[in-house]
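Dear colleague,

Please find below the structure that I am handing over to you.

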Amino acid sequence: MTPQARLSAAIEVLDQILAGAAAEQALTNWGRASRFAGSGDRAGVRDLVFDALRCRRSYAALGGALSGRGLVLGGLRDRGLDPAEWFTGIGHAPSVLGAADAGFPAEGNVGLDCPDWLADPLQAALGDDFAGVMQAMRRRAPIFLRVNLAKAAVAEARAALADEGILCRLNSLAKTALEVTENARKIQNSQAYLSGMVELQDAASQAVIAALPLRDGQRVLDYCSGGGGKALAMAAQARLDVDAHDVDPRRMRDIPARAARAGVQIKLVETAAIGTGYDVILTDVPCSGSGSWRRDPQGKWALTPARLAELCAIQADILDRAAQIVAPTGTLAYATCSMLRAENEDQIAQFLKRNPAWHSPHQQRFSPLQGADGFFVALLTRES
Ligand SMILES: C[S@@+](CC[C@H](N)C(=O)[O-])C[C@H]1O[C@@H](n2cnc3c(N)ncnc32)[C@H](O)[C@@H]1O
């Protein structure tokens, strides 16, 4: 495909997304219908689509319309390229520009790709970092690996990856974290990955696990385990008895294969079978995902005040339930990939108000300006 034809494909996919399709599904549909597209074309179209979703508001302004065409046009203008050289109408290129394609400057919240209703709460949470963080969220997220210490030391894993052409650098957020600097697309077929030496995991997620007081012999529960990324990281941290639970058990279906690959054991437990007396419970709760908008840019535009309020209520309910099943001397850990105070500090303050016997000895924010996703972790223990 020519670069111009990739732009046309991105326009088509973006139009489907704007009509309500999920980004991954729209890309899959396009891929199935476009057998002529090679892997480089697919990756190129995907990048164009995700770049446009991250910068939806500013690109729509610069391109003159919230449409596939407007977004792709705005993206070219944002990069300082002359769209007339791309929108030529020749071959599979988008049709030539007309009066309707004139754009507007992208300023203020528009230029930061921030929904207006979220600007105040984000400003309150991020202070002087607000503009810098919002600019960072307009760009692609780096790719991080977690070295599985149950299988290899960090230097050994890094060398094995380099032998397969995948170059990485250390990351200060977690001692197990490697940031991939070259050939990220080779990871999932690499021996280092297939043998369980490394897993894909954001560095801030790894830092959250490093903040937990995990010690050999403990019983731990990953209460909102999803696909088990954090349960796997916990299991590699010490000799633990790890249980994984999720309100939707289908989300846990990959855990047995991932655990086998990693050489660790994780027991899946249904809600009715959850025990009590856990030494550590991690509640990696459902949240706005505002710290990971780079990876899931549709989430930024889909979030509403009503959905945020609903998420906060679910988070409070999960905390209250998990608090019932922690051992008296155990630790309840609360984590979100959110940057909003309502889901972080305020949620913990409200828990402590409802449960005066508890206190929070440690709370930590991870900023996207540190390179990885925005994250928050709080530890909760009973007053002794
Ligand atoms: C942020 S995701 C977890 C990600 C996962 N810990 C990881 O590291 O890959 C939140 C998970 O919480 C689950 N969840 C939602 N409501 C829940 C509830 N009331 N109890 C337990 N899990 C819940 C969701 O199904 C979702 O899988």
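Helices (H or I, at least four residues) and strands (E, at least two) are taken here as DSSP runs, numbered from the N terminus. Residue numbers start from 1 along each chain as its sequence is written. The model is predicted, so that local features need pLDDT of at least 70 and side-chain atom pairs count only at pLDDT 80 or more, whereas totals for chains, interfaces and linings use all residues; side-chain values use heavy atoms, with hydrogens and water left out.

Annotated positions

The UniProt annotation "binding site", from an unreviewed entry, covers Asp246 and Asp284; such annotations may be inferred rather than shown by experiment, feature names are shortened, and positions are given in the numbering used here. The two are spread over 39 residues of sequence, yet they cluster in space, with a largest C-alpha distance of 10.3 Å.

Asp284 lies in strand S8 (residues 278-284). Its relative accessible area is 18%, and it therefore counts as buried (under 20%; exposed is over 50%, partly exposed in between; 1.4 Å probe, protein chains only). Leaving aside residues up to four places away in sequence, Asp284 touches Cys224, Lys230, Ala335 and Phe375 (contact means heavy atoms within 4.5 Å). The side chains of Asp284 and Lys230 are joined by a polar contact of 2.8 Å. A polar contact is a pair of N or O atoms within 3.5 Å; within protein, one must be able to donate a hydrogen and the other to accept it, and residues adjacent in sequence count only if both atoms are side-chain atoms.

Asp246 is found in the loop between strand S6 (241-244) and helix H13 (255-262). Asp246 is also buried, at 10% relative accessible area. With the same exclusion of sequence neighbours, its contacts include Cys224, Gly226 and Arg251. A polar atom of the Asp246 side chain lies 2.8 Å from the backbone nitrogen of Gly226.

Domain interface

An automatic or database assignment divides the protein into domain 1 (3-111), domain 2 (144-200) and domain 3 (212-382). The centres of domain 1 and domain 3, taken over C-alpha atoms, are 36 Å apart. Between these two domains about 640 Å² is buried, 60% of it from carbon and sulfur atoms; buried area is the accessible area (1.4 Å probe) that two parts lose on being put together, summed over both. Leu53, Arg54 and Arg56 supply 64% of the area that domain 1 buries against domain 3. Across this interface, 5 residue pairs are in polar contact (both at pLDDT 80 or more).

With kind regards
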